[in-house]
Every structure is written in C-alpha cells, then in structure tokens.
Amino acid sequence: MVQLSRDNLLRRGDEAYEQARLDAVWNERKPDRYPDVIVRAGSEQDVVAAVQLARSEGLSIGIRSGGHSWVGNGVRDGGMLLDLSRLQGITVDPAARTAAVGPAVKGPALLGQLAPHGLFFPTGHAPTVGIGGFVLGGGYGWDSRRLGPACLSIEAIDVVLADGTLVHATDTTHADLLWAARGSGPGFFGVVTRFHLALHDLPRRLLRTAHTYPLDMLDEVLAWSYDTLELLEPAVEFSAKVGFSPWLDRQTVSVTATAFCDTGEDLLAPLEDAPFRERAVRAVVAQETTMAELYDYADRMTPPGMRWALDGIWTDEPVDKVLDASRPLFESIPDTTSHVLWMLWGGFPERSNACWSSQAKLYLSPNTGWTDPAEDLAHEQWAHGQMAALQHLSKGLQFSDNNLADRFDHGLSPANAVRLEEIRALYDPEGLFRTYMVPAESTTAYAAAGHARTH
Ligand SMILES: Cc1cc2nc3c(=O)[nH]c(=O)nc-3n(C[C@H](O)[C@H](O)[C@H](O)COP(=O)(O)OP(=O)(O)OC[C@H]3O[C@@H](n4cnc5c(N)ncnc54)[C@H](O)[C@@H]3O)c2cc1C
C-alpha cells in the first residue's frame, strides 16, 4: 500500500489544516464545514492511497479539483477532503485530436497547449475554473452553443473507484461510468484522475459585439434577444446582463455576442438589426478579440477575492411570462457587483451515452458578490429566494452553479436520475463518495438560523 507523506496528509488540529481547508475553495464565502482529514494528492498513486485510507478509517470522501464550486462542494463535515489541485498534467495527441488532462487544469493552460496544434476545447468562461468539476457538471464553456456542453467532449476517464481500483472508462469499457461522468456533477462516485478530452478545431477569428442600453429598455431588449437567438448561427454565443456598467456608472441592460468564426463572414449582423439599436448608449461592434481578452471579461464579471452566491434555472417558457415573473429579481439587484445573467444557450441534442439532461433555451442566473460577512445572509437569500420564486418556470438546474442544499430542483431527467443511482449502487455500494448536498449542509441555512458554527 502506498503511504501518504506527512505533507500530503493533514488531520484536524494540524497547523496547516485550516489554511488547506480555506484554500480548497475559491469563493471567499467559505463553508462552515470541517473534514476530519485533508489529503493533498500529488499523483494517481496518492489518490489510490487516499481512497484506501478512507476505507480503512471509515471516512467518506469529498473531492476538490479546481476549487470553483460556488459552495465549496468538496468541503464537507467529517470524512476526508481529497484535494486534487496538484494534478495539473496536460498531454496533447494532435494526430488523435485528444488531450489527457489532470482534473485541476485551468482553461488558459489547456488552450495554451492546444493552440499551436490548431486545436480548441470549450473551457469555462472564467480563467480560474478547474476542468474537473466543470466537465463533470455539464460545462457551458466558450463556443458551447456550437460544440455542446463540455461533458459531451469527454472521450474517456481514468477513475479510482470506491474499492481502490484504477480503471479506464470508455464508451465500450465501463460505459456506465462514462455515461455518469458526462453530466452528474457533484453526484459522480469515483475520483477522476485524468480526463481524455476530444478536441475541436481552433476558431480562426474571434469577434465580439456588445451593446448597452438604458435599464428602462429591459423588457424590450430581453424579449428581442429571445427571438434573435433563432437568427444566430450556433457559432455565436449570446447573452445579456442586467446590472451595473462601470463604463456608464449606472444600472443597464447589455447584450453580448461572441462569434467563433471559421471564415470572415459576419455572424454578428443580426445584432445591428435590432429595432432599437440607435438607442444603445455604448456599442462595440464586431471587434476582433482574443481568448485572453474573453477570459479577462469573464474574470471581471465575478472577480476573485469576494464572497459569491449564485443560483439559476433553465427555462423554455414564453418570454413575456419569464419577464413578468422575473421583475422582482431584476428590481432587487442588491449592489453594483451583483447582476443577473440571461444566457441564451438554445438547447443542444442530448445523447444516450451521457446522463447530462437538464437544459433549455434560456439560463437565468442571479450572481451576487459582496465583501462584508455581515451581509452573507441577505445576499444568499437574494440569489436563492428569487430563484425559488421562479421555480414554476424551471426546467431544471445547472449543477455547475447550484447545489441542492440551498434550493432543490432536478439537474437530470427523472429517468437519468434513477439510472445514476442504480450505477452508483454498483460502483459505490457503501456510499464512500459524497454526493449531492442536502439542506442540512447549506451555509445559507446556517446563517439564517443564526448559528453559523465555530470550530
Ligand atoms: C468564477 C466562476 C466562473 C464559472 N464559469 C462557468 C462557466 O462558464 N460555465 C460553467 O459551466 N460553469 C462555470 N462555473 C461553475 C464551475 O464549472 C463549477 O463550479 C465546477 O464545479 C468547477 O470545477 P472545479 O474543479 O474548479 O470545482 P471543484 O470545487 O474542485 O469541484 C466541484 C465538485 O465537482 C466534483 N469533482 C471535481 N473534480 C472531480 C474529480 N476529479 N473526480 C470526481 N469528482 C470531481 C466534486 O463533487 C467536487 O466537489 C464557474 C464557477 C466560477 C466560480
């Protein structure tokens, strides 16, 4: 049995424990949850040793790759936190158009290795999101309208199972494991040590249009965006944001479209045809851009170093109904950092080899960021409370942004949710791996009850 070094194994009470617990979560809003043991794996062998240790000590396992779960899903009470942040290897096979990628790899590092080969992957929008949780949870990344959610580009996984064995799962070997990995998010029941990703052609040009309108045009702009989606090629990513504009120093509604172009054609022309176009108070039109700039825009929208809470629903409901029901959400945006994203993904064909099955035309998501811990409850209740009020419109949640602890909704179709549990029972019969969070683990609930726990 491989031994974990002292540096890799921290127990509660050890000097380095608390910093390692805090570092496991990107969000400054850290969970009030304390694992008994933290293992910082440096290799696949360490992961196997960690699983063996957990079994021998009766510890359940929470996993951290890039640490970008908004609620710190890997950090659970008791048990083991298995921190994979050191697993950052990338091996590209240009001929096969695949890459073997460690779970903690970030988007810019991956794209940096792919670009010289003319290859691309739909990484998360912010540059700091880890591949692990992102691809398992569906993964709506750059160019995902055309390329699909990133989970559909997982070709195979290397995964350490609950019995400590390391297996390679493909569509023909352990196909049920790979089916589960494509979309179960925090409900996956194994430790993926390497993702084998199918790669795509590097778009030759990136063009970006952004129009900003006065806030009182909100209904008009968002309703138009709903119809305009049908006119935009899948190579155009299209969203709106309701929130503060730093350029204009006031609340606005802005629409942004990014074209991932293979040729020089103008995929963004439909935005210039908006009937209210001349009322834009700021306009960037089909400007050449780069992935570095796109990552930068995303990073500035949810900057690090702040406390964040998010929620969201998928919906296909008629736009008037969505707008009417969302009015309280738009009218109560708490401050200049917080905003509501109106993301028009449009739907993508589901596949029988993936459990991923929660999507719709629109993803509506409040994002709230703050710095004062005294405001935790107000912000968390805004995000989750406003979405609870829109539950009747929901076609499901996105595992990447939600946790079932703060607001229950389904993240998989009923049939796929049942099948996932059947497969879990085969591979993890004793429940070694933590699965979806439950209300008792919600930081919002702790705060609401006025007894945030101290340890
Ligand atoms: C600033 C920011 C921007 C974001 N942008 C996007 C975006 O554009 N599109 C999008 O779809 N999502 C986005 N997200 C959400 C993000 O994809 C999810 O939070 C995702 O879980 C992050 O992956 P991670 O590895 O960094 O997270 P972690 O917190 O490390 O992992 C989250 C959970 O995923 C599971 N998991 C992770 N790695 C493994 C593994 N190797 N084996 C088994 N299970 C594992 C575990 O249950 C783990 O607790 C964003 C999040 C943030 C904070």
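Me: Where is the place of Leu22?

Reply: Leu22 sits in helix α1, residues 17-23. Keep in mind throughout that this is a predicted model.

Me: Is Leu22 buried, exposed or partly exposed?

Reply: The idea is to count C-beta atoms around the residue: 20 or more within 10 Å make it buried, 12 or fewer make it exposed, and anything in between is partly exposed. Leu22 has 13 C-beta neighbours inside 10 Å, so it counts as partly exposed.

Me: How many Å separate the C-alpha atoms of Leu22 and Asp219?

Reply: They are separated by 41 Å, and the two residues are 197 residues apart along the chain. Thr336 and Val101 are 235 residues apart in sequence, with 37 Å between their C-alpha atoms. Thr336 belongs to the loop between α10 (319-331) and β18 (339-344). It has 14 C-beta neighbours inside 10 Å and therefore counts as partly exposed.

Me: Into which domains is the chain divided?

Reply: There are domain 1 (6-85), domain 2 (90-202) and domain 3 (205-393). Take the first two as a pair. The centres of domain 1 and domain 2, taken over C-alpha atoms, are 22 Å apart.

Me: How many residues of domain 1 are in contact with domain 2?

Reply: The size of an interface is often given as the accessible area lost when the parts come together. Here we count residues instead. In this model 17 residues of domain 1 are in contact with 15 residues of domain 2. On the domain 1 side, helix α2 (residues 44-57) gives the most, with 6 residues. That side divides into 7 nonpolar, 8 polar and 2 charged residues.

Me: Why does the shell around the ligand lie between domain 1 and domain 2?

Reply: Both domain 1 and domain 2 give residues to the shell, so it lies between them.

Me: Which residues come nearest to the ligand?

Reply: There are 35 residues around the ligand, and Gly66, His68, Gly130, Gly132 and Gly133 come nearest. By class, the shell has 14 nonpolar, 19 polar and 2 charged residues. Next, look at the elements. β3 (61-64), α4 (131-136) and β10 (191-198) each supply at least two residues of the shell. The most come from α4, which gives 4 residues.

Me: Which way do the residues of β3 point?

Reply: In a regular strand the side chains alternate between the two faces of the sheet. In β3, Ile61 and Ile63 point one way while Gly62 and Arg64 point the other way, and all are buried. Then look at the neighbouring strand. β3 runs parallel to strand β4 (residues 80-83), and 4 bridges join them. Gly62 stands opposite Leu81 in β4.

Me: Which strands pair with β12 in the antiparallel sense?

Reply: One of them is β14. Strand β12 (residues 205-214) and strand β14 (residues 250-261) run antiparallel and are joined by 10 bridges. Tyr213 has Val253 as its bridge partner in β14. Another is β15, which pairs with β12 in the antiparallel sense over 5 bridges. There the bridge partner of His211 is Ala283.

Me: Which residues are buried in helix α3?

Reply: In α3 (residues 107-114), Gly107, Leu110 and Leu114 are buried. To see how they are arranged, look down the axis of the helix. The buried residues of α3 fall within an arc of 70°, so they line one face of the helix. These buried residues pack against β5, β6, β7 (119-120), α4 and α9 (291-301).

Me: What is the phi of Arg97?

Reply: Most residues other than glycine have a negative phi, and most peptide bonds are trans. Arg97 has a phi near 55°, a positive value in a residue other than glycine. It is found in the loop between β5 (90-93) and β6 (98-101). Arg97 has 17 C-beta neighbours inside 10 Å and so counts as partly exposed.

Me: Where does Ala286 lie, and what is its phi?

Reply: Ala286 lies in strand β15, residues 282-288. Its phi is near 40°, a positive value in a residue other than glycine. Ala286 counts as partly exposed because it has 18 C-beta neighbours inside 10 Å.

Conventions
Residues numbered from 1 in each chain as written. Predicted model: local features only at pLDDT ≥ 70, side-chain atom pairs only at ≥ 80, totals over all residues. Near = placed C-beta within 6 Å. Nonpolar A, V, L, I, M, F, W, Y, C, P; charged D, E, K, R; others polar. Domains from an automatic or database assignment. Arc of directions from axis to C-beta. Contact = placed C-beta atoms within 7 Å. Pairing = 2+ DSSP bridges.
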